[in-house]
Amino acid sequence: MHLSPVPAVAAHNMRLSTLRAVFALILREVSTTYGRSPGGYVLAILESAGGIALLTLIFSVGFRSPPLGTNFALFYSAGLLPFLMYSDISGKLGQTIQFSRALLAYPRVTFLDALIARFLLNMLTQLVVHGLVLGFILVMQQPDTTFNVSKIALAYVMLLALGFGVGTLNSFLTLAYPVWQTAWAVLNRPLFLISCIFFNFEIVPQPHADYLWFNPLVHVVGMMRDGFYPFYQPTYVSVIYPIALGGGLGLAGLFLLNRYHRDILDK
């Protein structure tokens, strides 16, 4: 039986159309979010570097050594960099539909294209920021440690899955209920204090440790520090938990956006 090549050609053209739409959205995002000069990227770098420098300065005055190792900057970068990456990706994805509302009127541009474009751009931007900040620490302070690349990569997988899932669901909730954006910002403020940026999970007493365990960022930071310090063994870390949570939230967000985003935009 001779099969018609038309469906295959149509699928190929659809993939090309999606790639073109995503690339165009990325270029638009670069020009509008970060500006037409390198200044926007410099601010992204300074936000992470400045936070680490401030934490290093404050805690090095009051303590002789950080909770792990001997380098304050390295310890706090293992906690602050993942937290800022999660906040940036989930926050930017949560505003995707509003940011691309005008473009979604075109039939060739879908909400998924907009989500993918925003996710890829902010992921790559944050990875560059992390590389520059960590490279500066390694060159200027030369901490005595050996990185485990596989564990660090696993921490990023956990982080990206969580950020994408939370951001995708929030993109629907923010679209359907505009007040959710403000409510979510308020609810997220305590995360900075309870995500093990300043301390290790092991020092938290019971029963508070049992409650803190359900914060998925605790597992991401624990895995990241496991990759930064070869002698650290965080037995509390669950790799599956942040990934499964992010996957479940992401699927829920995609389903709700696919079902309702057009109805809401047309109102």
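Reader: Among contacts between residues at least 6 apart in sequence, what share joins residues at least 24 apart?

Author: In this predicted model, 78% of the contacts in the protein chain between residues at least 6 apart in sequence join residues that are at least 24 apart.

Reader: And what is the chain built from, in terms of helices and strands?

Author: The protein chain has 10 helices and 0 strands, so that, read from the N terminus on, its elements run α-α-α-α-α-α-α-α-α-α. Of its 267 residues, 45% count as buried.

Reader: What follows α5?

Author: The helix is followed by Gln142, whose phi is positive, near 45°, although Gln142 is not a glycine. This residue is found in the loop between α5 and α6, the latter being residues 149-176.

Reader: Is Gln142 buried or exposed?

Author: Gln142 counts as exposed, because its relative accessibility is 63% and the cut-off for exposed is over 50%.

Reader: Which other non-glycine residue has a positive phi, near 60°?

Author: That is Cys196, a residue other than glycine with a phi near 60°, and it lies in the loop between α7 and α8. Cys196 counts as buried, because its relative accessibility is 1%.

Reader: Switching to Asp88, which helix is it in, and is it buried or exposed?

Author: Asp88 lies in helix α3, which spans residues 72-94, and it counts as buried because its relative accessibility is 17%, where buried means under 20%.

Reader: Which residues is Asp88 in contact with, leaving aside neighbours within four places in sequence?

Author: With those neighbours left aside, Asp88 is in contact with Asn122 and Gln126. As for Phe119, it is 31 residues from Asp88 in sequence, while the two are 9.8 Å apart in space, C-alpha to C-alpha.

Reader: Then Thr96, what does it touch?

Author: Not counting residues up to four places away in sequence, Thr96 touches Ala114, Leu115 and Arg118. Its own place is in helix α4, residues 96-99, and Thr96 is buried, with a relative accessible area of 0%.

Reader: Last topic, the packing of α9 and α10: what is the angle, and how far apart are the axes?

Author: Helix α9, residues 216-228, and helix α10, residues 240-266, pack at an angle of about 135°, with their axes 8 Å apart. The two helices are therefore oblique to each other, and their crossing is left-handed.

Reader: Which residues make that contact?

Author: On the α9 side the contact is made by Pro216, His219 and Val220, and on the α10 side by Tyr241, Pro242 and Leu245. By class, the contact of α9 with α10 has 5 nonpolar residues, 1 polar residue and no charged residues.

Definitions and conventions
Residues are numbered from 1 along each chain as its sequence is written. This is a predicted model: local features need pLDDT of at least 70, side-chain atom pairs count only at pLDDT 80 or more; totals for chains, interfaces and linings use all residues. Side-chain values use heavy atoms; hydrogens and water are left out. Axes are lines fitted to C-alpha atoms, for helices over the stretch in contact, and angles run from 0 to 180 degrees between N-to-C directions. Helices (H or I, at least four residues) and strands (E, at least two) are DSSP runs, numbered from the N terminus. Angles under 35 degrees count as roughly parallel, over 145 as roughly antiparallel, 65 to 115 as roughly perpendicular and the rest as oblique. A crossing is left-handed if the near helix is turned anticlockwise from the far one by less than a right angle, and right-handed if clockwise. Contact means heavy atoms within 4.5 Å. Ala, Val, Leu, Ile, Met, Phe, Trp, Tyr, Cys and Pro count as nonpolar, Asp, Glu, Lys and Arg as charged, and the others, Gly among them, as polar. Buried means under 20% relative accessible area, exposed over 50%, partly exposed in between (1.4 Å probe, protein chains only).
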